[in-house]
Amino acid sequence: MVSPVAGSFSEEFAAVVRRIHAARAGTGFIAHIDMYPIVPVDRFPAGAPAMKACAARLYREWDPRGKVTGVTSTDRADRWRRALIDHVSTNPFDHLSARSCAEAAQLGGVLADLIAAELGDVRSAAIVDYHPSKWYAAKWTDWLLVTAGRATILHLGWDS
């Protein structure tokens, strides 16, 4: 569900994600990294109710019956970067070498830079509690990223 905003962005995003998967080969755990479409926002959503409404709007296009049950803002708008890097470099059950973890972390930084270049300066970030209409057992964290005039959801999930 990579954002269709710019074809070259989607291609670059997918290429970096493939490289992350290659660096993580052998873990048995797939680190999903997806972005919802980047949408314009008329007003910067200030406060939890506005952030929740913004997140619900982003999900609605893909899953109209899913529910946003909460939004937890972070104290720093750049926390999503660290979460992305940590997500891709996590070493469950110590199946990865230190070199593979370092490569995945470096690629996570490249991906974060690519997202920031496409989206713009993230002024607000929040973790979204979302319940899709078709529930499944995978574990994930969704981040609402908001700039001046644009927003998206960055999905960081796990599957085996």
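Predicted model: local features only at pLDDT ≥ 70, side-chain atom pairs only at ≥ 80, totals over all residues.
Is Leu145 buried or exposed? Leu145 is buried, with a relative accessible area of 0%.

## Leu145 and its surroundings

Leu145 is placed in strand S5. Leaving aside residues up to four places away in sequence, Leu145 touches Trp80, Ile115, Leu119, Val122, Ser124, Ala125, Arg150, Ala151, Thr152 and Leu154.

Asp78 is 67 residues away from Leu145 along the chain, and the C-alpha atoms of the two are separated by 9.5 Å.

In soluble globular proteins, nonpolar side chains tend to be buried together. The largest nonpolar core here has 27 residues, and Ile33, Trp80, Leu111 and Ile115 have the most contacts inside it. Two or more residues of this core come from each of these elements: H1, strand S1 (30-35), helix H3 (79-89), helix H4 (98-119), strand S5 (139-146) and strand S6 (150-159). The element that gives the most is H4, with 8 residues.

With residues up to four places away in sequence not counted, Trp80 touches Ala112, Ile115, Ala116, Val122, Ala125, Trp143, Leu145 and Leu154. A second, separate core has 17 residues, among them Val39, Ala55, Val68 and Val71.

Ala104 lies in helix H4 and counts as buried, at 0% relative accessibility. Its contacts, not counting residues up to four places away in sequence, are Ala23, Arg24, Val88 and Ser89. Between the C-alpha atoms of Ala104 and Arg81, which are 23 residues apart along the chain, the separation is 14 Å.

Arg99 also lies in helix H4, but Arg99 counts as exposed, at 70% relative accessibility. Arg99 and Ala23 are 76 residues apart in sequence, and their C-alpha atoms are 8.9 Å apart in space.

## Aromatic rings

A pair of aromatic rings is described by the distance of the centres and the angle of the planes. The count in this model comes to 3 aromatic pairs. One of them joins Phe9 and Phe13, with 5.8 Å from centre to centre and 55 degrees between the planes, and this pair is tilted. Phe9 and Phe13 are separated by about one helical turn, because they are 4 residues apart in helix H1 (residues 7-23). Both Phe9 and Phe13 are buried.

Why is the pair of Tyr59 and Tyr130 stacked? The ring centres of Tyr59 and Tyr130 are 3.6 Å apart and their planes stand at 5 degrees, and planes under 30 degrees apart count as stacked. Tyr59 lies in helix H2 (residues 48-60) and Tyr130 in strand S4 (residues 124-131), so the pair ties together parts that are 71 residues apart in sequence. Tyr59 is buried, with a relative accessible area of 1%. Tyr130 is buried as well, with a relative accessible area of 6%. Ring pairs link Tyr36, Tyr59 and Tyr130 into a cluster.

Another ring has a charged side chain over it: Arg123 lies over the face of Phe44, at 4.3 Å from the ring centre.

## The second largest pocket

Rolling a probe the size of a water molecule over the atoms shows where empty space is left. The second largest pocket holds about 160 Å³ of space. Which residues line the second largest pocket? The lining is made by Ala83, Asp86, His87, Thr90, Lys139, Trp140, Thr141, Trp143, Leu156 and Trp158.

H3, S5 and S6 are the elements that give two or more residues to the lining of this pocket. S5 gives the most to this lining, with 4 residues.

## A residue of strand S6

His155 lies in strand S6. At 11% relative accessibility, His155 counts as buried, because the cut-off for buried is under 20% relative accessible area. His155 and Pro64 are 91 residues apart in sequence, and 17 Å separates their C-alpha atoms in space.

Conventions:
Residues numbered from 1 in each chain as written. Heavy atoms only, no water. Phe/Tyr/Trp six-rings, centres within 6.5 Å; stacked < 30°, edge-to-face > 60°. Buried < 20%, exposed > 50% of the residue type's maximum accessible area, 1.4 Å probe, protein only. Lys NZ or Arg CZ within 6 Å of the ring centre and 35° of its normal. Core = buried A, V, L, I, M, F, W, Y, C linked by side-chain atoms within 4.5 Å. Contact = heavy atoms within 4.5 Å. 1 Å grid on protein atoms, 1.4 Å probe; cavity = no way out; pocket = protein on both sides within 12 Å on 5 of 7 lines; lining within 4 Å. Points joined across faces, edges and corners; volume = space filled by probe spheres on them.
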